[in-house]
Amino acid sequence: MKNPISNLQKVFENRIRLGIMSALMVNDSLSFNVLRELLELTDGNLASHLKALEQQDIIQVSKQFIGRKPSTTYQATGYGKDLFRKHLAALEDLLSNQ
Amino acid sequence: MKNSSTHPNEDLQAIRDIMERSSRFLSLSGLSGIFAGIIALMGAAITWLFILDSGHVHYDEFLRIPGGGTFSGIRLYLALDALLVLGLAVAGAVFFSQRKSRKAGQRLWTNSTRRLVLHLMIPLVAGGIFILILVLHNNWGLVASAMLMFYGLALVNAGKFTFGEIHYLGLTEIGLGILAGVFLDYGLLLWALGFGLMHIVYGSVMYYRHERKR
């Protein structure tokens, strides 16, 4: 039998990254402020995890104007979504094998 | 919040929790409720003072008018008054939601918004059609009750996709709708209570709970 642990994605072992990605799976895009309130994080903490996810092409950043104010929003990439689904399936496998 | 984990159970629970919370419509502002409530109270006051002539016209199933006045005139004014209240309340809701979402750096029209509006509109449109049917059959006495009931059902239906208070506001409206159906003479009063006072009460609670500190 294949070992389900091999499908666990190291990048999602961190609870904060897991949280960011969970939110971006069910929303087209979310702003920095909304993510910060949702996950109850400080600016610096959230920014560093977003940066890490961005560097691995799991999420993409876009700057846009909402009204007259610039806003930074985040989206999951197709690759990121696949990776997350794989991780989710591995978690479920682990659970059912316990 | 724990940073690293190897517990699949807790991880899955956290994923579900965040997916659920993040897909709610959070741009709904308590100020929308307060504004809608004030507009509704003004609409009810206009109805009572001018259209029903301070109670000289009985609001019951026959809309009895002692001493003059025409049915069609009263109907027209009631309909205009109701449409004006609805229009202003909806405009207020859009305005305050736009403001709140802009502050959060989010667009107003998202998947969550679409889902909320859809689930709100299904019972609401059904109710609107039902009320037109009541009017068609000249059954005016039940209009206030039907408005409260269907609005309450719409809120309960949409409450799953936004702040929890909306669910309870919906239940309150349903209760008032039942009362308005039993006590026909108090239809307008209960309508003012449901669409006026309750909007202000729940709107204030929502504002203080979710918006004050920001």
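Reader: So, what does the accessible surface of chain A come to, and what share of it belongs to carbon and sulfur atoms?

Author: Keep in mind that this is a predicted model. For chain A the accessible surface is about 5200 Å², with 48% belonging to carbon and sulfur atoms.

Reader: And what are those values for chain B?

Author: Chain B has about 11600 Å² of accessible surface, and carbon and sulfur atoms account for 70% of that.

Reader: OK, folds next. How many helices and strands are there in chain A, and in what order do the elements run?

Author: Chain A has 4 helices and 3 strands. Starting at the N terminus, the order is α-β-α-α-β-β-α. The C-alpha atoms of chain A fill a box of roughly 55 × 25 × 20 Å along the principal axes.

Reader: What about the elements of chain B?

Author: Chain B has 7 helices and 0 strands, so reading from the N terminus you get α-α-α-α-α-α-α.

Reader: How much of each chain is buried?

Author: In chain A, 44% of the 98 residues are buried. In chain B, 43% of the 214 residues count as buried.

Reader: And what share of the contacts join residues at least 24 apart in sequence?

Author: Taking contacts between residues at least 6 apart, 58% in chain A join residues at least 24 apart. For chain B, that share is 73%.

Reader: Let's switch to helix packing. At what angle do H1(A) and H1(B) pack?

Author: About 40 degrees, with the axes 8 Å apart. H1(A) passes H1(B) in a right-handed crossing.

Reader: Which residues make that contact?

Author: From H1(A) you have Arg15(A), Leu18(A), Gly19(A), Ser22(A), Ala23(A), Met25(A) and Val26(A). H1(B) contributes Glu10(B), Asp11(B), Ala14(B), Ile15(B), Ile18(B), Met19(B) and Ser22(B). By type, the contact of H1(A) with H1(B) has 8 nonpolar, 3 polar and 3 charged residues.

Reader: Staying with H1(A), how does it pack with H3(A)?

Author: Those two pack at about 75 degrees, and their axes are 10 Å apart. H3(A) spans residues 43-55.

Reader: Is that oblique or roughly perpendicular?

Author: Roughly perpendicular, because 65 to 115 degrees is the range for that word. On the H1(A) side the contact uses Ile16(A), Arg17(A) and Ile20(A). H3(A) brings Asn45(A), Leu46(A), His49(A), Leu50(A), Ala52(A) and Leu53(A). The contact of H1(A) with H3(A) divides into 6 nonpolar, 2 polar and 1 charged.

Reader: New topic: Phe65(A). Buried or exposed?

Author: Phe65(A) has 56% relative accessibility, so it counts as exposed. Phe65(A) lies in strand E2 of chain A, residues 59-66.

Reader: What does Phe65(A) touch, leaving out residues up to four places away in sequence?

Author: Phe65(A) touches Pro70(A) in chain A and Arg107(B) in chain B.

Reader: One more, Ser32(B). Where is it, and is it buried or exposed?

Author: Ser32(B) is in helix H2 of chain B, residues 30-51. With a relative accessible area of 6%, Ser32(B) is buried, because the cut-off for that is under 20%.

Reader: Which residues does Ser32(B) touch?

Author: Leaving out residues up to four places away in sequence, Ser32(B) touches Gly92(B), Ala93(B), Phe96(B) and Ser97(B).

How values were computed: Residues numbered from 1 in each chain as written. Chains lettered and ligands numbered in written order. Predicted model: local features only at pLDDT ≥ 70, side-chain atom pairs only at ≥ 80, totals over all residues. Heavy atoms only, no water. Buried < 20%, exposed > 50% of the residue type's maximum accessible area, 1.4 Å probe, protein only. Contact = heavy atoms within 4.5 Å. Areas by Shrake-Rupley, 256 points an atom, 1.4 Å probe, with all protein chains shown as cover. Axes fitted to C-alpha atoms, helices over the stretch in contact; angles between N-to-C directions. Left-handed = near helix turned anticlockwise from the far one by under 90°. Nonpolar A, V, L, I, M, F, W, Y, C, P; charged D, E, K, R; others polar. Parallel < 35°, antiparallel > 145°, perpendicular 65-115°, else oblique.
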